[in-house]
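Reader: I'd like to learn how to read disulfides in a model. Can you walk me through it?

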Amino acid sequence: MRFPTLSLLLVVASSCCLWEAVSSCTSIEQRYKFPNSNIYVRLRRGDKLQYELMKGDKTLQTVTFDNFETSANLVETDSGGYTLTDGTTVVQFTLVTNGVVSGTGSDITHVRVSRDRVLKGTQPRDCFPLKTGSTHWFSGPEQKQHYWPVERQVHSNYSYLPKELDNFGVGERYWLNSAGAFLYVESNTPLFLDQNTAAYPGQLCLSATSELPYDPRVTEGKFVYHVAVAKDAKAAHKYAVKTFLGQPTGFPDERMVMHPVWSTWALYKAEVSDDVVRDFAKQILDNGFNNSQLEIDDDWEDCYGALTFRKNKFPDSKTLSDDLKALGFRVTLWIHPFINNNCTAIYEEAKSLGYLVLDHEGSSDTQWWNSKPKDAAILDFTKTEVQEWFAKRLKRLQDEDGIDSFKFDAGETSWLPSDPVLQASSSMVTPLQAVGDYVRTVAAFGDMVEVRSAQNTQELPIFVRIVDKDSEWGWNNGLLTLISSMLQMNLNGYPFVLPDMIGGNGYYEKPPTKELFLRWLQANVFMPALQFSFVPWNFDDETIAISKTFTTMHATYTPYIMKLFQRAVDSGEPVNAPLWWIAPTDEVAQSIYDEFLLGDDIIAAPIVVEGATKRDIYLPEGEWKDGNSDQVYQGPTWVMDYPAALDTLPHFVRVGFQLE
């Protein structure tokens with residue numbers, strides 16, 4: 001080890017003036033410089049040990065060690081980092097980046113903080129101040145009650161894995177704030193989250209422990225995260241894309257963007273059949289609507305997992321698909337990764353081949369929404385042979401039944417048996433691997449594919465669907481959260497967002513009202529795609545007319561959306577970003593939750609409050625033309641009481657923008 005470059009600062013009472021007097025001082029601060037830089041780690045010893053990352057005399061980030069105590073000093077390593085030990089655990093600080101990074105337009109400071117030996121039974125926890133009121137936070141997990149910005153969320157010892165609970169389908173281990181800092185946790189960390197709890201008010205705390213739902217047999221786990229700071233949130237996110245999140249390698253099917261997806265799910269639920277599907281198609285055409293495809297949803301199979309059509313519902317599936325195609329539809333099919341135990345033949349085949357996820361007791365029993373407890377199993381997509389077997393069976397549906405593509409459901413870790421055994425492809429496997437392997441397997445079926453879970457799969461050129469929304473207005477999994485979930489997914493690195501059914505899913509015997517249906521459609525117009533199940537003609541002629549207006553408007557903007565898809569491939573930039581993306585230091589824009597961007601040139605400000613026929617709209621810096629008139633506004637400014645009857649979608653276009 002080398003002797004560190006140490007600058008010692010004392011924060012002391014008047015009687016404290018010497019190093020030897022540390023024991024009688026309130027706190028002491030020690031500052032350690034990374035070699036050949038102006039970046040420091042400063043230790044603060046008080047009620048709890050803290051470290052600060054500093055650039056010169058400026059504090060970039062302060063972090064509190066919740067349960068790590070030591071009187072030791074930092075020790076410089078041979079590689080120029082620093083270590084700190086309590087005698088059992090070693091925390092290592094490594095300066096990764098310090099300087100201007102191409103593509104970000106910003107100076108970046110990036111430090112890796114790692115513990116390579118988290119002992120069984122311990123749970124080190126590092127806490128970051130949220131600074132609510134002065135700083136806003138973005139990204140994090142998809143949530144059922146999805147506030148935006150996300151500093152209002154509450155989590156208590158929350159296992160950070162995609163799961164059914166809270167509609168957590170998508171959530172990279174990534175948090176970004178308006179001050180230009182982000183946190184990123186490596187996937188080999190068994191991560192838990194505390195946020196805004198009684199024990200940790202106003203804090204975002206990351207912790208690691210080898211307990212369920214992770215592998216509880218790991219005796220020495222890892223806890224590795226990164227802190228990076230840029231000039232603003234936009235520059236920080238661009239660096240995160242370059243360094244961690246990645247970007248897509250292609251983009252979804254253009255027809256899925258231009259024209260609506262029509263799904264049987266919300267309207268018919270499991271009551272699907274040949275007659276129902278044919279009648280649904282006829283209604284769509286008779287009412288004069290275009291389509292990208294017709295999706296046959298739940299309960300088409302002989303039994304769950306069979307992947308064969310049930311003959312008493314679909315006596316001739318190939319003739320059905322041929323007839324639908326002759327009418328101008330493409331045909332897609334709902335698919336899941338489960339096999340119910342009563343689907344005897346395929347269940348026994350998969351079991352005998354070792355294709356089911358087992359727990360450490362050798363049981364494959366699990367449960368999903370179409371089974372009772374212990375009445376189902378799930379395929380183990382961490383095994384290459386399972387991926388190939390599943391894909392072969394889906395290919396048969398395409399070749400023999402005329403299916404064009406698939407809607408893939410589930411994929412979250414909570415559907416696995418508790419304490420699962422997974423196929424190891426690295427020294428440590430977490431349930432995260434099961435999510436990524438499932439999604440990559442099904443993504444091979446092309447650009448019409450949609451999934452609802454994701455984990456480190458930003459490179460895939462497919463739609464990621466927002467998890468089912470309820471037919472509600474507010475933060476209770478309603479229309480407001482359609483916007484917040486879409487923004488969260490974009491800032492997790494998934495720009496190809498397929499919004500959920502227009503009007504929600506009608507759960508709890510509560511279908512959408514006419515007003516909610518139309519406001520939901522309007523909110524979708526400047527998102528990448530439209531997806532109907534509840535239909536305009538179930539309301540009245542006015543609803544049909546208004547719906548045609550906005551489906552046509554969406555189609556008109558398809559060339560611009562496709563251009564933004566290509567931009568996402570080229571640079572990793574969001575398709576639908578929060579308002580602050582074009583004004584990163586605008587404190588008002590940072591707080592906006594009910595407006596969003598399409599690219600850099602269109603601001604959507606839909607009505608999201610029941611009964612409202614006007615709203616206030618914030619426009620950031622720039623010249624903005626009202627999309628419903630020729631009036632031009634100079635931002636930053638508020639447009640107060642903007643009138644928006646039921647047939648009006650408030651939106652603004654940057655002056656000079658032209659559709660190609």
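Reader: Let me start with one side chain: is cysteine 205 buried or exposed?

Author: Keep in mind that this is a predicted model. The general idea is a cut-off: buried means under 20% relative accessible area. Cysteine 205 comes out at 0%, so it counts as buried.

Reader: And which cysteine does cysteine 205 form a disulfide with?

Author: For a disulfide, you look for two cysteine sulfur atoms within 2.5 Å. Here the partner is cysteine 127, with the sulfurs 2.1 Å apart. That pair links distant parts of the chain: cysteine 127 sits in strand E10 (residues 125-129) and cysteine 205 in strand E16 (residues 203-208), 78 residues apart. Cysteine 127 is buried too, with a relative accessible area of 1%. The angle about the S-S bond is 110°, and the link is right-handed.

Reader: How many disulfides does the structure hold?

Author: There are 2. In the other case, cysteine 303 is joined to cysteine 343, S to S 2.0 Å. Cysteine 303 is in the loop between strand E19 (293-296) and helix H5 (317-326), while cysteine 343 is in the loop between strand E21 (338-340) and helix H6 (344-353), so the bond ties together parts 40 residues apart in sequence. With a torsion of about 65° about its S-S bond, this disulfide is right-handed.

Reader: What about accessibility for cysteine 303?

Author: Cysteine 303 is partly exposed, at 22% relative accessible area, whereas cysteine 343 is buried at 2%.

Reader: What is the pairing if I number the bonded cysteines in sequence order?

Author: You get 1-2, 3-4 for the protein chain.

Terms used
Residues numbered from 1 in each chain as written. Predicted model: local features only at pLDDT ≥ 70, side-chain atom pairs only at ≥ 80, totals over all residues. Heavy atoms only, no water. Helix = DSSP H or I, 4+ residues; strand = E, 2+ residues; numbered from the N terminus. Buried < 20%, exposed > 50% of the residue type's maximum accessible area, 1.4 Å probe, protein only.
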